[in-house]
Amino acid sequence: METDSPTNSVLPRVGLVYDDRMCQHSTPDREYHPENPYRIKAIWTKLKSAGIPQRCVVMKAKEAEDRYIALVHKQKHIDLIRNVSSSAFDSKRKKIASKLNSIYLNEGSSEAAYLAAGAVIEVSEKVAKGELDSAVAIVRPPGHHAEPGEAMGFCLFNNVAIAASFLLNERPELGIHKILIVDWDVHHGNGTQKMFWEDPRVLFFSVHRFDNGTFYPSGDDGSYSMTGEGLGAGYNINVPWEHGRCGDADYFAVWEHVLIPVAKTFNPDMILISGGFDAAVGDPLGGCCITPYGYSVMMKKLMEFAQGRIVMALEGGYNLDSLSNSVLACVKTLLEDKPIVSSSKAYPFESTWRVIQAVRKRLSTFWPTLADELPKNLFLTTNKMSPIELISSSDSDVENNESEARAAVNAVEVVQDVAASLSVLKIDGDNNNNSKDQMVDGSASWRSVLSKIDIWYGSFGSNMWKPRFLCYIEGGQVEGMQSPCSGSVDRSPPKEIMWKTVPHRLFFGRSRTRTWGAGGVAFLHPESDSRDRAYMCLYKITLEQFNDVLVQENRRKPGDDLLFNLTDLDSVMKNKSMNLEALKEDWYSNVVCLGTEGDLPILTMTCPLSDIELYRSGKLRINGPSKEYMNVLVKGLVEGRQLSEEEAIAYINEGFTRPLSS
């Protein structure tokens, strides 16, 4: 069903397809998942608030026919997706999904998959016919990971590949004989690559995080050495980033020095964009930093080809704000609105030039336009920051080579070799100068002193569950943890345990930890607010043990590092919080005093206040916890007799669904 399109023939005719029925595809047990119905709802809401639908040709989706899907998918796979949502599969649907890579299935999955594929086919045909100048398909589930015989990576059918094959093989009379597929999703389009591996009619271009083959979907498929075979040799172009944090400048450099030169030679009749927006600023899975301005520029550059015949189909993108703002920027660009103005002066990473040179060299035999050496002065305008490698084993762990947004935003040197120097320990005793302010010279000395001082450690995350907290004291791991803890030097159990609520906000941030895998982890807002309430399990331990917990929470191995001494304790009790210089680049660098209990201070550790502003702006990511992490949180609250299971889940969900207030 179509709405009235603009009558002014001067204006571009941009198609827009959206259908609520694709929201029926969701997790079967209503568990949190980044690929959820709110993604397309958020985009549609943003477009409506900007008055975009009134300026476009708006369409509902139509289900794809099996014969068109069969152009790229095997019949067995088609049969599975067609029938998996029927009642006959009720008892085995979850088991089928568990055998696939990053897939969930429910009663609405079949219809959503057919609608997504059908929507991209329909708008592609309309653009090819000239009924539309360009189009955007707001569809889900996404498609570029789906391979000929298997669903994977949140994708059931490969929507873009189906549409490309439809135009080339079913509608040759429309004159679309060469198609450029641009995949700017942060993940490699492995499925699309395989479907056109030997087909010179399709130039497949994918720019993605690769991280030496460790970033999803992993393996060598996303390497720049994968250039196609047979007649398709040279028609498969991969630009594999070595790390996260790549942003506008990096993508502009690739457009200028790889994609645009090849596109000029290839001269496509039409462009299909696998429009993933998980490389956008603040995305919980991507770790890159493209702005809406960046996407608008990339789109504008592509509009110079194929007479502007472009269809963009949604792929990934899991931060609702950056996702919806980026799609809006792309639609406005297709509508030929005035370009977004940006004041960014960022430069590409050194590794970006290294990747570009490798890609050009590999492809120069197929595309002579890439054979020329790049001008030397290009390398003078370079972001000198190098990729970050963080190694840890606690809730604060970060995925190897993942972006540290705070460092990227501030453009400062990161991952410095910070040695925690031994500070002066003030020890109670007589008032003579020798004992009042004495230097403790070795680990045995400071441990001996701190082992005699008790404090309450207040836990608000996974440590609320006692077996999990004991991993930090005794070492080892519990179910769901992907790596063990080394434990404290003093392995004595807590002397006492109690529960307390505090007027602080619990929230979940970051995207991945080595301990729990993909998903956010718990943080406590450093400042109190009477409107908020957070549950805390208090453990009476020694200051020595607290120091070892602090070490492990901040991805270090307990040893002789003294991070928090008596002087620090005195300071944090007076000032309520203290950012530790030795941990300034870590996630839990802020020690907060929440008052006292029985004359003993209650200490916890969380993010610095400066991170709160980054979370509010989207430069750091609010993100729901993994299933394993969620289970431990619920166990802590339920076994601690604070909440029922249902109440605990609701409390945790609020931590990543309610925005941080100003």
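A residue counts as exposed here when its relative accessible area is over 50%, as buried when that area is under 20%, and as partly exposed in between. The legends below apply these words to a predicted model.

**Figure 1**
The protein is built with 20 helices and 20 strands. Of its 662 residues, 58% count as buried. When contacts between residues at least 6 apart in sequence are considered, 75% of them join residues that are at least 24 apart.

**Figure 1. Helix α10 and the elements that cover it.**
Helix α10, which runs over residues 320–334, has 15 residues and reaches 21 Å from its first C-alpha to its last, close to the 21 Å expected at 1.5 Å a residue. The helix is mostly covered, with 11 of its 15 residues buried. These buried residues are Ser-322, Leu-323, Ser-324, Ser-326, Val-327, Leu-328, Ala-329, Cys-330, Val-331, Thr-333 and Leu-334. Among the elements that cover them are strand β1 (14–17), helix α1 (38–49), strand β3, helix α9 (292–302) and strand β8 (310–314).

Because its relative accessible area is 51%, and exposed means over 50%, Glu-336 counts as exposed. With a relative accessible area of 78%, Arg-641 is exposed.

**Figure 2. The crossing of helices α15 and α16.**
The axes of helix α15 (residues 466–474) and helix α16 (residues 543–553) come within 9 Å of each other and cross at roughly 105°. Because angles of 65 to 115 degrees count as roughly perpendicular, α15 is described as roughly perpendicular to α16. On the α15 side, the contact is made by Phe-469, Cys-471, Tyr-472 and Ile-473, while α16 contributes Gln-545, Val-549, Gln-552 and Glu-553. Sorted by class, the residues in this contact are five nonpolar, two polar and one charged.

**Figure 3. His-73 and its surroundings.**
His-73 is found in the loop between α2 (66–69) and α3 (75–83). This residue counts as buried because its relative accessibility is 4%, and buried means under 20%. Its side chain reaches two backbone oxygens, that of Glu-147 at 3.1 Å and that of Pro-148 at 3.2 Å. If residues up to four places away in sequence are not counted, His-73 touches Ile-78, Ala-146, Glu-147, Pro-148, Leu-156, Phe-157, Asn-158, Ile-162 and Met-195.

**Figure 4. Two cis peptide bonds, one from Arg-140 to Pro-141 and one joining Tyr-216 and Pro-217.**
The peptide bond that leads from Arg-140 to Pro-141 is cis, with omega near 0°. Pro-141 is placed in the loop between strand β3 (134–137) and helix α6 (159–170), and strand β3 is also one of the elements that cover the buried residues of α10. A cis peptide bond likewise joins Tyr-216 and Pro-217, where omega is about 5°. Pro-217 lies in the loop between the strands β5 (202–209) and β6 (236–241).

**Figure 5. Lys-94 in helix α4.**
Lys-94 is found in helix α4, which spans residues 93–98. At 49% relative accessibility, Lys-94 counts as partly exposed, because this value falls between the 20% and 50% cut-offs. Lys-94 and Tyr-104 are 10 residues apart in sequence, and their C-alpha atoms are 7.3 Å apart in space. Leaving out residues up to four places away in sequence, Lys-94 touches Pro-28 and Asp-29.

Key:
Residues are numbered from 1 along each chain as its sequence is written. This is a predicted model: local features need pLDDT of at least 70, side-chain atom pairs count only at pLDDT 80 or more; totals for chains, interfaces and linings use all residues. Side-chain values use heavy atoms; hydrogens and water are left out. Axes are lines fitted to C-alpha atoms, for helices over the stretch in contact, and angles run from 0 to 180 degrees between N-to-C directions. Helices (H or I, at least four residues) and strands (E, at least two) are DSSP runs, numbered from the N terminus. Angles under 35 degrees count as roughly parallel, over 145 as roughly antiparallel, 65 to 115 as roughly perpendicular and the rest as oblique. Contact means heavy atoms within 4.5 Å. Ala, Val, Leu, Ile, Met, Phe, Trp, Tyr, Cys and Pro count as nonpolar, Asp, Glu, Lys and Arg as charged, and the others, Gly among them, as polar. Buried means under 20% relative accessible area, exposed over 50%, partly exposed in between (1.4 Å probe, protein chains only). The expected span of a helix is 1.5 Å times one less than its number of residues. A polar contact is a pair of N or O atoms within 3.5 Å; within protein, one must be able to donate a hydrogen and the other to accept it, and residues adjacent in sequence count only if both atoms are side-chain atoms.
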